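Here are my notes on the model, as requested. Please read them alongside the coordinates.

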Amino acid sequence: MASDREQWIQVKGQWKRRSEHFSRTVSADELSPGNNRECVDTVLDVLHLNMETLKDIQGRLHDNMVRGLSKASNPSAVVKMFPTYVRRLPNGSEQGDFFALDLGGSNFRVLLVRLSGDNVEMKSKVYKIATEIMTGTGEQLFDYIAECLAEFKREQGLEDKDLPLGFTFSFPCRQNGLTSASLVTWTKGFSASGVVGEDVAVLLSEACQRKKVNLKIVAVANDTTGTLMACAITDKNCYVGLIIGTGTNACYMESLDEVELWNGDRDEPKQTIVNMEWGAFGDDGALDDIRTDFDKAVDGVTLNKGKQLYEKMISGMYLGEISRQAILALAAKKLIFNGVVPPELQKPWSFESKYLTDIEKDNSTDGGAIKELLTQLNCPSTPHDIATIRAICSAVSTRAAKLVTAGLAAVIKKTGKRTLTVGVDGSLYKFHPRFHSLMETFTRELVPEARVKYMLSEDGSGKGAAMIAAVSG
């Protein structure tokens, strides 16, 4: 009976099954003295989502997907479900040389990609975008990109070569066609004027004309679509693409009959990849019942308050700050650091998401790496503090993985496929030690009828963009 009793805690006068918070690395002895273990778990219990709640979230996202796909309800839908006009997946016959441009943050890449069936050779160069260009005018931004393209072409001895270009533009866009996409809103610190509402392919083409760069843009897509395409080169069952990095998004192959926004031809193949822009799920209040005070505090220190609420519970940009908010709540109850938060952790964003990943990687008995990190932050590092930090990071990470998987369960069920692969890219998925295994576990519970494999993408933004250009030719 004693061991069974350990599986339950009392929360707000009710007995609940103990969440995962302490199941992996935290023992009762570490969280002594007294009832600190139960007190800490009570505070973190708001981050625990049971299977019933996850299935409910899955259903809510499905409803949002249907609204986004409907022509009548799309204008008011928060999950926009944009058709990408990418209709064909690689079949191994793709050949030729292509340029790819990958713009999705303060660094962008130019690539030369050589395709020969399943074999892909790439040469690339990374260019940094200065803050004054990110926040200047659209003409300055695209002129700078064109200048970098010209430099790369010269370095590759292709100055006079007019190769087709696949343009990965990883910001929310309304796709008007395969070679046309209008920016809906800037994210990731960009605010260049004169771009929102404009066709980014046209802006790039005009800049190339001004800078006398010969290029033929044959496809515009985002990194999520590129991820799907890059994985589909080697796995013919890949029908879903997922990004879990600084931000999060998903895409999947959908039947044209389901896409009421479709305005292209209806020739074979009667399908298109749909860019969900699922980070905005919950912006209409659909997730208010599971958003915690931690989440609301995080939203309050962001530039886009009230927007991308699903993303703010999942992606790498925000998990560190969610953890910091949990630290503040526990410190207020004197359950960590003896109730004193050092100045180093009193500023928003001071607890980086990298810290969360590093803490999750430390499975040692004494938490040596965690102790070192806490010392750097001028925090106490008693066994209790180390155990509590572990519990916080475990709870925040587990909830993020659950929310991603609940969303994917809706997508998987929407495809109607019983066997499929999800192509995944993004730093959180790549470097967090438990994210992949957590997603596999929760996927089996949420969609037991499907055989789902997660495949790490190899450069979806580069290779994927070239592959989109190849299948579109």
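1. Basis. This is a predicted model, in which local features need pLDDT of at least 70, side-chain atom pairs count only at pLDDT 80 or more, and totals for chains, interfaces and linings use all residues. Residues are numbered from 1 along each chain as its sequence is written, and side-chain values use heavy atoms, with hydrogens and water left out.

2. Helix 6, buried face. Helix 6 spans residues 200–210. Its buried residues include Val200, Leu203 and Leu204. Buried means under 20% relative accessible area (1.4 Å probe, protein chains only). The buried residues fall within an arc of 165° seen down the axis of helix 6, so they line one face of the helix. The arc is taken from the directions from the helix axis to the C-beta atoms. Helices (H or I, at least four residues) and strands (E, at least two) are DSSP runs, numbered from the N terminus.

3. Helix 6, ends. Aspartate 199 caps the N-terminal end: a side-chain oxygen lies 2.9 Å from the backbone nitrogen of alanine 201. Just after the helix, lysine 212 has a positive phi of about 55°.

4. Leucine 115. This residue lies in strand 5 (residues 107–116). Its relative accessibility is 2%, so leucine 115 counts as buried. Leaving aside neighbours within four places in sequence, its contacts (heavy atoms within 4.5 Å) include Phe98, Val120 and Met467. The C-alpha atoms of leucine 115 and histidine 432 are separated by 32 Å.

Notes: Buried < 20%, exposed > 50% of the residue type's maximum accessible area, 1.4 Å probe, protein only. Polar contact = N/O pair within 3.5 Å; in protein donor to acceptor, adjacent residues only side chain to side chain.
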